[in-house]
Amino acid sequence: MAMPIVTLVGRTNVGKSTLFNRLVGKKKSITEDVSGVTRDRVVDKVDWLGKKFSLVDTGGLDISNKEIMNQEIKSQVEKALIETDLILFVVDGKEGLSPYDSEIADVIRRYNKPIIIVVNKIDNNKIPDDIYDFYALGFDDLAIISAEQSKGLGDLLDKIIERINFDSFENIEDEIRIAIIGKPNAGKSSLL
């Protein structure tokens, strides 16, 4: 039986891999304070209240960076976004809204998938006044968490379960998949 796919997306060092490890219940994704540690997609299963889904951790997006390694990370993120059923757009609540967040929002909006903004690194009970600035990204659903301290994860998982139509996955068996490949900017996404 097929499972829904939920993908973590965001810029570097916002805590995507820490969140991934907390939600899957084991240290599968490498976490460091250095940018660019996660490069390939990391996938594992999550079971919350009897509902199961695949969770995908992706590398941090840096839209303006043209280095080859960054292009490979972007390619992996693009593949994940094509396959996903729900996007968790992870942002840094300590730093506040960044212009890079706006650039990423513009990119992920094109995939026309449901999106939850996950404001991470809110480590104490006092919610910063600027937390609601993240609504300026144009998405309605916002979850406030601390992945490091496991705060707000139950509420986030509840939001994930609410946003996925699990009934549509019950009778789906493994299906044939077709890949569209080509060089960057050749029109793959437009064709899809």
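The protein has five helices and six strands. Helices here are DSSP runs of H or I with at least four residues, strands are runs of E with at least two, and both are numbered from the N terminus. The model is predicted: local features need pLDDT of at least 70, side-chain atom pairs count only at pLDDT 80 or more, and totals for chains, interfaces and linings use all residues. Residues are numbered from 1 along each chain as its sequence is written, and side-chain values use heavy atoms, with hydrogens and water left out.

Along the sequence, the elements run β-α-β-β-α-β-α-β-β-α-α. The protein has 192 residues, and 43% of them count as buried. Buried means under 20% relative accessible area, exposed means over 50%, and partly exposed lies in between (1.4 Å probe, protein chains only). The accessible surface is about 10900 Å², with 48% belonging to carbon and sulfur atoms. These areas come from the Shrake-Rupley method with a 1.4 Å probe; for residues, only the protein chains shown count as cover. A contact means heavy atoms within 4.5 Å. Of the contacts between residues at least 6 apart in sequence, 69% join residues at least 24 apart.

Start with helix 1, residues 16-24. Eight of its nine residues are buried, so helix 1 is largely enclosed by the rest of the structure. The buried set is Lys16, Ser17, Thr18, Leu19, Phe20, Asn21, Leu23 and Val24. What do these residues pack against? Their partners are strand 1, strand 2, strand 3 (51-57), strand 4, strand 5 (115-120) and helix 4. Gly25 follows helix 1, and its phi is positive, near 80°.

Now take the helix partner. Two packed helices are described by the angle between their axes and the distance between the axes. Helix 1 and helix 4 (residues 153-163) pack at about 80°, with axes 11 Å apart. Axes are lines fitted to C-alpha atoms, for helices over the stretch in contact, and angles run from 0 to 180 degrees between N-to-C directions. Helix 1 and helix 4 are therefore roughly perpendicular, a label that covers 65 to 115 degrees. Leu19, Arg22 and Leu23 of helix 1 meet Leu153, Leu156 and Leu157 of helix 4. This contact has five nonpolar residues, no polar ones and one charged. Ala, Val, Leu, Ile, Met, Phe, Trp, Tyr, Cys and Pro count as nonpolar, Asp, Glu, Lys and Arg as charged, and the others, Gly among them, as polar.

Next come the charged pairs. The structure holds eight salt bridges. Each is a side-chain nitrogen of Lys or Arg within 4 Å of a carboxyl oxygen of Asp or Glu. One of them joins Glu95 and Arg11, with the closest N and O atoms 3.1 Å apart. Glu95 sits in the loop between strand 4 (86-92) and helix 3 (99-109), Arg11 in the loop between strand 1 (5-9) and helix 1, and the two are 84 residues apart. Glu95 is exposed at 54% relative accessibility, while Arg11 is buried at 9%. Arg11, Glu95 and Asp101 are linked in a network of salt bridges.

Lys26 and Asp44 form another salt bridge, at 3.1 Å from N to O. Lys26 lies in the loop between helix 1 and strand 2 (42-48) and Asp44 in strand 2, so the pair ties together parts 18 residues apart in sequence. Lys26 is partly exposed at 44%; Asp44 is buried at 12%.

Asp141 is buried at 15%, and Lys159 is partly exposed at 22%.

How values were computed. Parallel < 35°, antiparallel > 145°, perpendicular 65-115°, else oblique.
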